[in-house]
Amino acid sequence: MNAPAPLLYPFNDAPAPGHTTAVAPGVGWLRMPLPFALNHINLWLLDDGPAVVAVDSGFGLEDIKHCWEQVLEADGRPLRDIIITHCHPDHLGLATWLAARNGATLHMTLGEYLGGHALWHGLPGYAVDETVAYFRRNGLDEARLDALTARGNGYRAGIPQMPSSFHRLFDGDLLTIGKNEWQVLAGYGHSPEHASLYCEDLGILISGDMLLPRISTNISAYAAMPYDDPLGCFLDSLQRLRNLPDDTLVLPSHGMPFRGIQARVAQLVEHHRERCAVLVDACTTPRTAGELLGTLFPRELDTHQTLFAMGEAIAHLNHLAKQGELRRVEGEDGLNRYVKNS
């Protein structure tokens, strides 16, 4: 079998904050800053004739509001609709403000709307204390647990206000925006019901966080579904994207636009296969996710990174347990451990 063609990057430079670069007829690229190591997010502005449609809204910061005001003033047309790919703060953060400012309608899937509210309000299974207890059962040390407790609800920090109403998107919906038709492609594993957008006529996939060119999307297990297999869901969703034409221009939320879906999906599948193999090799004796953090992430992690790293470690262990390569054992100390099946 021939290897997939390498990734191709048709653009050399990203737009400056507050400015727009055209990537295709009727499709504008915006880049906004983020206040952590992943220091940017790509947003998209779609031509809807006498109006425009935004895809994602950016993190809830005053600087991002100013960027939006600059972009919309320069365009001169009203913002009619806002499509949210998923509920994470860098995507949903300013949606309520942006909708109210412009009288725009907010569109997202039900899973993302409810999932966002669960995280923002700290509902059962999503509250900080339950997350800390979940990580404790999975072997995270007390010092890092204390740091997570002190950090509090970090989700709220990026979303000043949650939306109270929305227009529901379904998988397979066809959205007519200007002269183009965009199909909603639901994906799972990174978030509850992620919505990517595909336009066959333009040959463009707005992938959100489901397909990124340089980094692997975070896949985390949550206290609400402690033994769920989000990694399996994510890998299944990648195979659906693999059915799109390989020369599709992928517009990711982080990194540069690229072509080469087949190659990138193959890279991500191999990446997770390697991580799973490393975990299986490390579990010749029963190990907790906390004990295995250094195996998966051999670098210093801050508190923000620990939250995602721990969720990802558990997700990979859950996946291996579901696949039958590991089995879960609970010790007398109440900790979840995983050991290689003989």
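## Asn180 and its surroundings

Leaving aside its neighbours within four places in sequence, Asn180 is in contact with Pro25, Leu175, Cys199 and Leu202. The model in which these contacts are found is a predicted one. Asn180 has its place in strand β9, and with a relative accessibility of 15% Asn180 counts as buried, because the cut-off for burial is under 20%.

## The seven-stranded sheet

Seven strands make up an open sheet, in which the order is β1-β2-β3-β4-β5-β6-β7 and the pairing is mixed. The edges are taken by β1 (21-24) and β7 (167-169), each of which has a single partner strand, so one side of each is left without a neighbour in the sheet. On average, and with direction ignored, neighbouring strands of this sheet are turned by 30° against each other.

Within the sheet, strand β5 (residues 79-83) pairs with strand β6 (residues 105-109) in the parallel sense, over three bridges. In this part of the sheet, Ile82 stands opposite Leu106 in β6. Helix α3 (residues 95-102) lies across β5 and β6 and runs at about 160° to β5, whereas helix α4 (residues 110-121) lies across β6 and β7 and runs at about 95° to β6.

## Helix α8

Helix α8 covers residues 230-241, and at 1.5 Å a residue its 12 residues should span 16 Å; the end C-alpha atoms are 17 Å apart, which agrees with that expectation. The buried residues of α8 are Pro230, Leu231, Gly232, Phe234, Leu235, Ser237, Leu238 and Leu241.

Two packed helices are described by the angle between their axes and the distance between the axes. For α8 and α11 the packing angle is about 85° and the axes are 7 Å apart, which makes α8 roughly perpendicular to α11. On the side of α8 the contact is made by Pro230, Leu231, Gly232 and Leu235, and on the side of α11 by Ala315, His316 and His319. Sorted by class, the contact of α8 with α11 has four nonpolar and three polar residues, and no charged residues.

The helices α9 and α11 pack at an angle of about 80°, with their axes 10 Å apart, and they are therefore roughly perpendicular to each other. This contact is made by His272, Arg275, Cys276, Leu279 and Val280 of α9, together with Glu312, His316, Leu317, His319 and Leu320 of α11. The residues of the contact of α9 with α11 divide into five nonpolar, three polar and two charged. His316 and His319 of α11 take part in the contact with α8 and also in the contact with α9.

## Arg137 at helix α5

Arg137 is found in helix α5, which covers residues 128-137.

Leaving aside its neighbours within four places in sequence, Arg137 is in contact with Gly334, Leu335 and Asn336. Arg137 and Arg337, although 200 residues apart in sequence, are 9.1 Å apart in space, C-alpha to C-alpha.

Definitions and conventions. Residues numbered from 1 in each chain as written. Predicted model: local features only at pLDDT ≥ 70, side-chain atom pairs only at ≥ 80, totals over all residues. Heavy atoms only, no water. Helix = DSSP H or I, 4+ residues; strand = E, 2+ residues; numbered from the N terminus. Contact = heavy atoms within 4.5 Å. Expected span 1.5 Å × (residues − 1). Buried < 20%, exposed > 50% of the residue type's maximum accessible area, 1.4 Å probe, protein only. Pairing = 2+ DSSP bridges. Axes fitted to C-alpha atoms, helices over the stretch in contact; angles between N-to-C directions. Parallel < 35°, antiparallel > 145°, perpendicular 65-115°, else oblique. Nonpolar A, V, L, I, M, F, W, Y, C, P; charged D, E, K, R; others polar.
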